[in-house]
Amino acid sequence: LDVDGYNNYIYMDDETNCSAEQLFFTLVIKPMDGTYLGTTDNTSYQMIKDGTQELFEATRDYYDYDGWNYSCVGCTVSPTSFKMGTSNVVLTAKWTPKIYNLTKDLDGGTISVTPPTTMAYKELFSLATPTKTGYTFIRWDVTVGGTAESSINSSTNTLTMGNTNTTIKAIFEKNAWQKTTHTCNRTTATYTIT
């Protein structure tokens, strides 16, 4: 150990040569389904104690970058730089799903549980069944933001938020009444009931 008690040296001594090699620690940066410096692969650096490395924001479609998760001994992490401590370190990117607007079209009906006005990417929400006098509810449709972005599972009435502002619409069918005429012959009169 040197005077600060942290840097480790391996001394290799033979009869003709004496040299010292400082131990290196590894920094691994994991973009976690995102991209860092143009690659989705992990990026590694060999560093000595107090060595510094410039840091950049990672990127990921439909997510906001939210810094790094890490655990280390004596390292320092800021938004733009890393300073090595005395242990190997793994920085894993933190992500927050982007938020999109959700608009509902009840087509004149009412609903017991109102859907939220915003939802996060890939968030799930169970849709209640709306009602409309004189109509039967058929299904929910995505009228804006569909085509593989936002989708509704019709068997569970569950909305999965996509990567764009979305409008959902309640689809109703007008109740149909069949008109039938019956004639009852009584001894004193004939009644026609429709």
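**A disulfide, a sheet and a lysine**

Modeller: C72 and C75 are joined by a disulfide, S to S 1.7 Å, where a disulfide is a pair of cysteine sulfur atoms within 2.5 Å. This is a predicted model, in which local features need pLDDT of at least 70, side-chain atom pairs count only at pLDDT 80 or more, and totals for chains, interfaces and linings use all residues. Residues are numbered from 1 along each chain as its sequence is written, and side-chain values use heavy atoms, with hydrogens and water left out.

Biologist: How many disulfides does a search of the whole structure find?

Modeller: The search finds one, and with -75° about the S-S bond the link of C72 and C75 is left-handed.

Biologist: And is C75 buried or exposed?

Modeller: C75 is buried, with a relative accessible area of 14%, while C72 is partly exposed at 24%; buried means under 20%, exposed over 50%, and partly exposed in between, using a 1.4 Å probe and protein chains only.

Biologist: Switching topic, where is K132 found?

Modeller: K132 is in the loop between β12 (124-126) and β13 (135-144), strands being DSSP runs of E with at least two residues, numbered from the N terminus.

Biologist: What does K132 touch, not counting residues up to four places away in sequence?

Modeller: With contact meaning heavy atoms within 4.5 Å, K132 touches D107, G108, G109 and F172. A polar atom of the K132 side chain lies 2.7 Å from the backbone oxygen of D107.

Biologist: Which strands form the open sheet?

Modeller: Four strands form it in the order β11-β10-β16-β13, with mixed pairing, and two strands pair if DSSP finds at least two bridges between them.

Terms used: Polar contact = N/O pair within 3.5 Å; in protein donor to acceptor, adjacent residues only side chain to side chain.
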